[in-house]
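Student: I have not looked at this structure before. Could we go through its pockets and then one of its strands?

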Amino acid sequence: MNTIKRIEILRNYMESKNIEIALIFEPDNQYYISGFKAISYTRPIVTVLTKEKIELIVPGLEEEHAKEDAKVDNIYVYYEIPEMARYGISYKDHLNSILEKVPGGSRIGVEKDIVSANFSEYLTEKGFKVEDIGAKIFRMRYVKDKEEVELLRIAGHLSDIALKGSLDAARVGLSEM
């Protein structure tokens with residue numbers, strides 16, 4: 001299943017639950033939905049899914065990588081240095097701009113087992129209702145399509161080759177290094 005199909009399934013779920021916008025923080029879920037796997041997760045990264053768009057909020061360290069790999073409509077970049085403050089120095093600078101366009105009282109989907117209580121309160125204080133989408137994404141990831149099964153088969157084969165090579169090279173007194 002490609003990212004387009006995954007987005008369609010998640011959007012259909014959002015529509016059935018009256019969820020206006022989804023904010024995805026978990027790295028594997030982000031990759032599953034957007035095709036973007038960050039090099040470093042030392043700073044917040046947010047995948048934003050609406051009925052019309054999929055967007056990404058990334059730190060400056062991930063800007064070029066996101067532009068190359070992410071299958072999204074728009075990329076917002078924040079820079080944590082004063083000289084770049086006009087572009088945003090926190091992911092919330094961009095998130096606030098996005099949320100301003102969402103009607104008050106709307107339902108916002110988040111991965112409740114991933115986001116902090118503080119972040120949920122932040123959304124609630126802005127007048128939104130927080131709904132869980134994490135369980136749905138987990139169920140989507142649980143069932144593998146043909147392409148994913150083939151990739152797992154290849155990964156298993158490569159693991160077998162690596163293990164055989166390690167066992168063939170093992171000798172008494174030889175460390176794993």
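Student: What volume does the second largest pocket have?
Tutor: This is a predicted model, and the value is computed from its atoms. For the second largest pocket, the volume is about 220 Å³.

Student: How many residues in the lining of the second largest pocket are charged?
Tutor: The lining includes Glu20, Lys51, Glu52, Lys53, Glu55 and Lys101. It also includes Ile21, Ile98, Val102 and Pro103. By class, the lining has five nonpolar residues and one polar residue, and the number of charged residues is six.

Student: How much space lies in the largest pocket, and which residues are closest to its centre?
Tutor: The space in the largest pocket is about 420 Å³. Its lining has 16 residues, and those closest to the centre are Arg6, Tyr31, Tyr32, Glu148 and Leu151.

Student: Which element gives the largest share of the lining of the largest pocket?
Tutor: Two or more lining residues come from each of α1 (3–16), α2 (27–34) and α7 (146–169). The largest share is four residues, and the element that gives them is α7.

Student: Now the strand. Is β3 largely enclosed or open, and why?
Tutor: Strand β3 covers residues 54–59, and six of its six residues are buried. On one side these are Ile54, Leu56 and Val58, and on the other Glu55, Ile57 and Pro59, so both faces are covered. Because of this burial, the rest of the structure leaves β3 largely enclosed.

Student: In which sense do β2 and β3 pair, and which residue of β3 is the bridge partner of Thr47?
Tutor: Strand β2 (residues 46–49) and β3 form a hairpin, with four residues between them. Their pairing is antiparallel and runs over four bridges. In β3, the partner of Thr47 is Leu56.

Student: In which sense do β3 and β4 pair, and which residue of β4 is the bridge partner of Ile57?
Tutor: Strand β4 spans residues 74–78 and pairs with β3 in the parallel sense over five bridges. The partner of Ile57 in β4 is Tyr76.

Student: Through which helix does the chain cross from β3 to β4, and what is the handedness of the crossover?
Tutor: The chain leaves β3, passes through helix α3 (residues 63–69) and reaches β4. This path is a β-α-β crossover, and its handedness is right-handed.

Methods:
Residues are numbered from 1 along each chain as its sequence is written. This is a predicted model: local features need pLDDT of at least 70, side-chain atom pairs count only at pLDDT 80 or more; totals for chains, interfaces and linings use all residues. Side-chain values use heavy atoms; hydrogens and water are left out. On a 1 Å grid over the protein atoms alone, a cavity is a set of points where a 1.4 Å probe fits but cannot get out, and a pocket is an open set with protein on both sides within 12 Å along at least five of seven lines; lining residues have an atom within 4 Å of a point. Grid points are joined across faces, edges and corners, and a volume is the space filled by probe spheres set on the points. Ala, Val, Leu, Ile, Met, Phe, Trp, Tyr, Cys and Pro count as nonpolar, Asp, Glu, Lys and Arg as charged, and the others, Gly among them, as polar. Buried means under 20% relative accessible area, exposed over 50%, partly exposed in between (1.4 Å probe, protein chains only). Two strands pair if DSSP finds at least two bridges between them. A crossover is right-handed if, with the strands pointing away from the viewer, the path from the first strand over the helix to the second runs clockwise.
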